[in-house]
Amino acid sequence: MRFVISVLVGTIVMFGLSYVWHGLVLNDFEQVSTNLTMFVPLLLLVYAGISVILTLFFSLINFEVNATQKRLGIGGAFGFFIYLVAFTLGVSFSPPSETEHIVLDFVWQMMEQAAGALVIDFVFHIFHRREVLKSFE
């Protein structure tokens, strides 16, 4: 149950942040050549995949010390990697010549995945505390 809730919450937060950034702040969705009725569900699927990978990674590795900070760092690094792959493949909203836009997108992507990692970490903490409380019964 912890895995499923973590994936759902992580997906919602990362997709929501992406939608706010690209859909409302930058109006990037106007530049998408794909039909939005197909693009948005695919984007949601991508964020669900990212959330599954982060949750799986955090489930397999037990951080004893500074778990939240480590998960934030891993989320940010994962965001950097994801944007690097998208940038290399040419999947971007802006023309490649706009360096300022690229740097902002890199930073935003890292913050998006770090936020996803933070909420996944929060769900892990809730379930851990729940297990601790159950052990006292």
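## Exercises on a predicted model

Helix H1 covers residues 2-25, and its 24 residues reach 33 Å from the first C-alpha to the last. Keep in mind that this is a predicted model.

**Exercise 1.** Compare the reach of H1 with the span expected at 1.5 Å a residue.

*Solution.* Start with the rule: the expected span is 1.5 Å times one less than the number of residues.

**Exercise 2.** Find the buried residues of H1, then work out which helices they pack against.

*Solution.* First, pick out the residues under 20% relative accessible area. In H1 these are Ser6, Val7, Gly10, Thr11, Met14, Phe15, Ser18, Trp21, His22 and Gly23. Next, look across from them: they pack against helix H2 (36-60) and helix H4 (99-135). Finally, step just past the end of H1, where Asn27 takes a positive phi of about 55°.

**Exercise 3.** Decide whether Arg71 is buried or exposed, and list what it touches.

*Solution.* Locate Arg71 in helix H3, residues 67-89. Its relative accessible area is 7%, so Arg71 is buried. Now leave out residues up to four places away in sequence: Arg71 touches Phe58, Ile61, Phe63, Ala117, Asp121 and Phe124.

**Exercise 4.** Describe the second largest pocket and its lining.

*Solution.* Begin with the volume, which is about 280 Å³. Of the 14 lining residues, the closest to the centre are Arg2, Asn62, Phe63, Arg71 and His128. H2, H3 and H4 each give two or more residues to the lining, and H4 gives the most, with five. Sorted by class, the lining has five nonpolar, four polar and five charged residues.

Definitions and conventions:
Residues numbered from 1 in each chain as written. Predicted model: local features only at pLDDT ≥ 70, side-chain atom pairs only at ≥ 80, totals over all residues. Heavy atoms only, no water. Helix = DSSP H or I, 4+ residues; strand = E, 2+ residues; numbered from the N terminus. Buried < 20%, exposed > 50% of the residue type's maximum accessible area, 1.4 Å probe, protein only. Contact = heavy atoms within 4.5 Å. 1 Å grid on protein atoms, 1.4 Å probe; cavity = no way out; pocket = protein on both sides within 12 Å on 5 of 7 lines; lining within 4 Å. Points joined across faces, edges and corners; volume = space filled by probe spheres on them. Nonpolar A, V, L, I, M, F, W, Y, C, P; charged D, E, K, R; others polar.
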